[in-house]
Amino acid sequence: MNLLACAISDVQAALLPVAAALLLEEMTYGGLVRLLLAPRTDTEKPKGPKNANGGEKCSH
C-alpha cells in the first residue's frame, strides 16, 4: 500500500508542472489568438444620403 501511495505522489508531482504550464499557455496565447482572430466590427454609424446643403437627408 505504501508503494502505491508513493507512486501516486510521484505522478502528481510530475503532472502538476504540466497542468500549470498548460493553464498559463491557455490564459496567454489562447486569449491572444481569440483577440487576433476575432472578426472586426464596424462601430462607426453608417452615413445616409446627402441633401443639397451637404447634410444628411431626413428619413421621414
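Tyr-29, Leu-32, Val-33, Leu-35, Leu-36 and Leu-37 make up a nonpolar surface patch with about 690 Å² of accessible area together. Here, patch members have over 30% relative accessible area and no salt bridge (a Lys or Arg side-chain nitrogen within 4 Å of an Asp or Glu carboxyl oxygen), and nonpolar side chains are joined within 5 Å. Areas follow the Shrake-Rupley method with a 1.4 Å probe, counting only the protein chains shown as cover for residues.

This is a predicted model, where local features need pLDDT of at least 70, side-chain atom pairs need 80 or more, and chain totals use all residues. Numbering runs from 1 along each chain, and side-chain values use heavy atoms, without hydrogens or water.

**Helix**
- The chain has 1 helix and 0 strands, taken as DSSP runs (H or I, at least four residues; E, at least two).
- H1 bends by about 30° at Glu-26, the angle between axes fitted to the seven residues ending there and the seven starting there.

**Exposure**
- Tyr-29, in helix H1, is exposed (over 50%) at 52% relative accessible area.
- Buried residues (under 20%) are 2% of the 60.

Notes: Patch = residues over 30% accessible without salt bridge, like charges linked within 9 Å, V, L, I, M, F, W, Y side chains within 5 Å. Buried < 20%, exposed > 50% of the residue type's maximum accessible area, 1.4 Å probe, protein only.
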